Amino acid sequence: MQPRRSTRLLGAILAGGQARRFGSDKAQALFEGARLIDRVAAALSAQCAAVVVCGREEAGFACLPDWPEPGLGPLGGLAAALRHAGEQDFDGVLSAGVDVPDLPFDLATSLAGEGAAIVESQPVVGLWPVSAAPLLEAFLAGGGRSLYRFADHVGARRVELPRALMNVNYPEDLI
């Protein structure tokens with residue numbers, strides 16, 4: 001998918017995880033003085049026509065429950081976002097986990113190209129055309145749960161960014 005001026009992207013913050021390793025709500029954790037969820041939202045807002053939080057309720061944000069049900073990991077949030085994007089006439093979804101507070105503000109441009117694309121080291125960070133929605137629904141219905149496997153299933157390009165993105169799993173990752 002080639003982001004261009006006429007491309008309407010939906011930013012999706014995938015935030016339905018349990019944060020067991022982190023020990024508390026990652027979305028509310030602070031990094032450089034701002035909550036993780038607000039940092040991710042700012043980066044996505046700079047590139048997308050709208051932003052939603054998937055997998056949880058979060059005051060101040062439009063929120064979507066995971067689809068078709070909770071407990072599917074990031075694929076449930078991505079499925080909800082792709083479904084919503086299709087219903088609202090978006091062209092694609094720019095996804096990121098709530099635990100990636102250093103997203104580039106030009107991420108969509110970095111991932112632009114033919115079809116879907118993911119960041120090599122973090123498949124939850126990706127650019128997905130709305131046309132991937134029925135493929136994801138079928139993948140989930142068949143028992144698929146791996147984001148890497150789904151990315152391979154749809155032929156997503158793996159893009160290496162100039163610098164590795166943070167992946168906050170433990171409180172000490174924020175230091």
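In the predicted model, the structure holds 10 salt bridges. Side chains of opposite charge can pair when their charged atoms come close. One of these pairs joins Asp25 to Arg56, with the closest N and O atoms 2.7 Å apart. The two residues belong to distant parts of the chain: Asp25 sits in the loop between E1 and strand E2 (30–31), Arg56 sits in the loop between E4 and E5, and 31 residues separate them. Asp25 is partly exposed, its relative accessible area being 34%. Asp25 and Arg56 also take part in a network of salt bridges that links them with Arg35, Asp38 and Glu58.

A salt bridge is also found between Lys26 and Asp99, where the closest N and O atoms are 2.9 Å apart. Lys26 lies in the loop between E1 and E2, and Asp99 lies in the loop between E6 and helix H3 (107–111), so this pair ties together parts that are 73 residues apart in sequence. Lys26 has a relative accessibility of 12% and counts as buried. Asp99 is likewise buried, with a relative accessible area of 12%. In a further salt bridge, the side chains of Arg39 and Glu32 meet at 3.6 Å, N to O. Here Arg39 is partly exposed, at 22% relative accessibility, whereas Glu32 is exposed, with a relative accessible area of 64%.

The strands were examined next. Seven of them form an open sheet with mixed pairing, in the order E5-E4-E1-E6-E8-E7-E9. Strand E5 (62–64) and strand E9 (157–159) stand at the edges; each has a single partner strand, so one side of each is left without a neighbour in the sheet. With direction ignored, neighbouring strands are turned against each other by 25° on average.

Within the sheet, E6 has E1 on one side and E8 on the other. Strand E1 (residues 9–14) and strand E6 (residues 92–97) run parallel and are joined by six bridges. Ala12 has Ser95 as its bridge partner in E6, and Leu14 stands opposite Gly97. E6 and E8 run antiparallel, with four bridges between them. In this pairing, Ser95 stands opposite Gly126 in E8. E6 is mostly covered, six of its six residues being buried. The covering extends to both faces of E6: Gly92, Leu94 and Ala96 are buried on one side, and Val93, Ser95 and Gly97 are buried on the other.

Helices also lie against the sheet. Helix H1 (residues 36–45) lies across E1, strand E4 (50–54) and E6, and runs at about 165° to E1. H2 packs on the sheet as well, where it touches E1, E4, E5, E6 and strand E8 (122–129). The direction of H2 makes about 155° with that of E1.

H2 has a helix partner too. Helix H2 (residues 74–87) packs with helix H4 (residues 133–141) at an angle of about 145°, and their axes are 9 Å apart. The crossing of the two helices is left-handed. On the H2 side, the contact is made by Leu75, Leu78, Ala79, Leu82 and Arg83, which meet Ala133, Leu136, Glu137, Phe139 and Leu140 in H4. Of the residues in this contact, eight are nonpolar and two are charged, with no polar ones.

Technical notes: Residues are numbered from 1 along each chain as its sequence is written. This is a predicted model: local features need pLDDT of at least 70, side-chain atom pairs count only at pLDDT 80 or more; totals for chains, interfaces and linings use all residues. Side-chain values use heavy atoms; hydrogens and water are left out. Axes are lines fitted to C-alpha atoms, for helices over the stretch in contact, and angles run from 0 to 180 degrees between N-to-C directions. A crossing is left-handed if the near helix is turned anticlockwise from the far one by less than a right angle, and right-handed if clockwise. Contact means heavy atoms within 4.5 Å. Ala, Val, Leu, Ile, Met, Phe, Trp, Tyr, Cys and Pro count as nonpolar, Asp, Glu, Lys and Arg as charged, and the others, Gly among them, as polar. Two strands pair if DSSP finds at least two bridges between them. A salt bridge is a side-chain nitrogen of Lys or Arg within 4 Å of a carboxyl oxygen of Asp or Glu. Buried means under 20% relative accessible area, exposed over 50%, partly exposed in between (1.4 Å probe, protein chains only).
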